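Dear colleague,

I am handing over the structure we spoke about, and below it you will find what came out of going through the contact between its chains.

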There are 2 protein chains.
Amino acid sequence: MKKIVSIQGIKGSFHHIVAKTYFDDNIEIDECMSFDKLVDNLITKKSDVAIMALENSIAGSILPNYALIDKFNLHIIGEYYLDIQHNLMALPGQTIADIEEVYSHPMALLQCKAFFKAYPHIKLIEDKDTAETADRISKNNLKGVAAVASKVAAEIFNLEILAESIQTIKENETRFVIVKTKNSVLEESEINKASLRFVVEHKRGSLASVLNVLSDCRMSLTKIQSLPKIETPWKYAFFVDVTFSKYSHFEKAKSILNIMVKEFKILGEYKNAKL
Amino acid sequence: MKKIVSIQGIKGSFHHIVAKTYFDDNIEIDECMSFDKLVDNLITKKSDVAIMALENSIAGSILPNYALIDKFNLHIIGEYYLDIQHNLMALPGQTIADIEEVYSHPMALLQCKAFFKAYPHIKLIEDKDTAETADRISKNNLKGVAAVASKVAAEIFNLEILAESIQTIKENETRFVIVKTKNSVLEESEINKASLRFVVEHKRGSLASVLNVLSDCRMSLTKIQSLPKIETPWKYAFFVDVTFSKYSHFEKAKSILNIMVKEFKILGEYKNAKL
């Protein structure tokens, strides 16, 4: 039976590219128009696994997705870094001068803001998904309208690329995580990265103490993100990613943190995709 | 001459409420439809000071605003915490059953999602500003349309409140900062909070060492936020808020960090508004 993989957006979206690359071809894609829907399909077992963008090298953390993973106790079983290149595309034969409206995901439009400053006649409109707009332009034969999306989307929906790689900052990567409702068990020797979540006491030096322990246990901190604890204004939970060379070092860190912090949760133990 | 205060949104917005409360009445409001525009008006001296939402007790940091403050070297001269209560409002005489579309800021809609689950006939549409929709409903006498906005907006635009305090989590506060292009000099005795920005070396324990110094200098960490360094994928800058009882302790911390970290910047020294 084919594995059902939930993605945000439709085929041709960046999530779709990750799904195709991370898994073999024997998958069925479940297109979701929001991350809420994606998590919903995962926990109601309409799908087996889901792909979620978690942070971007320019815009930073996608905070609502951290919150979703925490709230629904999802397990991170892997990660994937994708180079994000945005392209302006429209019906074949259209030129930039013909384009009056550009639709895309807010994040994509934000990353291409400088490009569009040179075209003040173009109205930028926020949309749910990058690829979905490409699909709509193609299906409805929409003239004067362009999408900002991946090359894969241009291919799937037979659009012509008017301008390539239009994002302001050329080095643009997004980190995606692969999540399930249950942990999948890897061999210890394969695990060299973990995502943790904890709360510290509200007293001076409490976060420093935790980071000292992680450092003493030879954990390298690759990311720290604080997120408000719901219902308790201005108290934070910390989300930390660590990499390590030996699983036994990580086990030691875990056992100390277990005693030291509150609301300790392992969000996932997996293979570092960034070498 | 009246001080010109840039706000995100129009009169009746939460930013407007903060401007009215933080300053005396002798101000002129500069309504901006985006945070980019607000910063633009500030640096081109069209306004004297600006109000920016920076974090919310439910949704967390507003990352693009951290990036704007950093990029344009703005100075935080003060802060304000506002209790955010969302209300559903429409033309007088309308009932919830009449409402087909609700427009508001994405953050407001997100915070009221649970409320709208009980009204599946209502379409939620993301808009630029909470108050602007209220204004539009009023001006164009729009039936079947409601806004999610502040009580002040309902008063200003003569709308009727259909449901009060509809956000899922009742304790909902936003922290606003008051920013200028130049630092305003407070008496040292008045300063008990500061916002810092720095980059640490990419080696194990480097962030822990900085937090240890802050703790040793009797700084209480109230917030830590990491943000990607533009053009250098997966390197982070840290944004830290500290509170302290003596300015001399803060001076000591500053002088050590100055030697210890890279790209050290004081974003502001001001009075803690949270007691």
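Buried area, as used here, is the accessible area, taken with a 1.4 Å probe, that two parts lose on being put together, summed over both. In this predicted model, the area buried between chain A and chain B is about 3400 Å², and carbon and sulfur atoms give 61% of it. On the side of chain A, the residues that lose the most area to chain B are A:Ser57, A:Arg204 and A:Trp234, which together make up 20% of what that side buries.

Counted by residues, 41 of chain A are in contact with 41 of chain B. Between the two chains there are twelve residue pairs in polar contact, and the count of salt bridges is two; in one salt bridge the side chain of A:Lys113 meets that of B:Asp36, at 2.2 Å from N to O. Several elements of chain A each supply at least two residues of the side that touches chain B, among them strand 3 (49-56), strand 11 (173-180) and helix 8 (206-216), while the largest share, eight residues, comes from strand 13 of chain A. By class, that side of chain A has 17 nonpolar, twelve polar and twelve charged residues.

With best wishes

Notes:
Residues are numbered from 1 along each chain as its sequence is written. Chains are lettered from A and ligands numbered from 1 in the order in which they are written. This is a predicted model: local features need pLDDT of at least 70, side-chain atom pairs count only at pLDDT 80 or more; totals for chains, interfaces and linings use all residues. Side-chain values use heavy atoms; hydrogens and water are left out. Contact means heavy atoms within 4.5 Å. A salt bridge is a side-chain nitrogen of Lys or Arg within 4 Å of a carboxyl oxygen of Asp or Glu. A polar contact is a pair of N or O atoms within 3.5 Å; within protein, one must be able to donate a hydrogen and the other to accept it, and residues adjacent in sequence count only if both atoms are side-chain atoms. Helices (H or I, at least four residues) and strands (E, at least two) are DSSP runs, numbered from the N terminus. Ala, Val, Leu, Ile, Met, Phe, Trp, Tyr, Cys and Pro count as nonpolar, Asp, Glu, Lys and Arg as charged, and the others, Gly among them, as polar.
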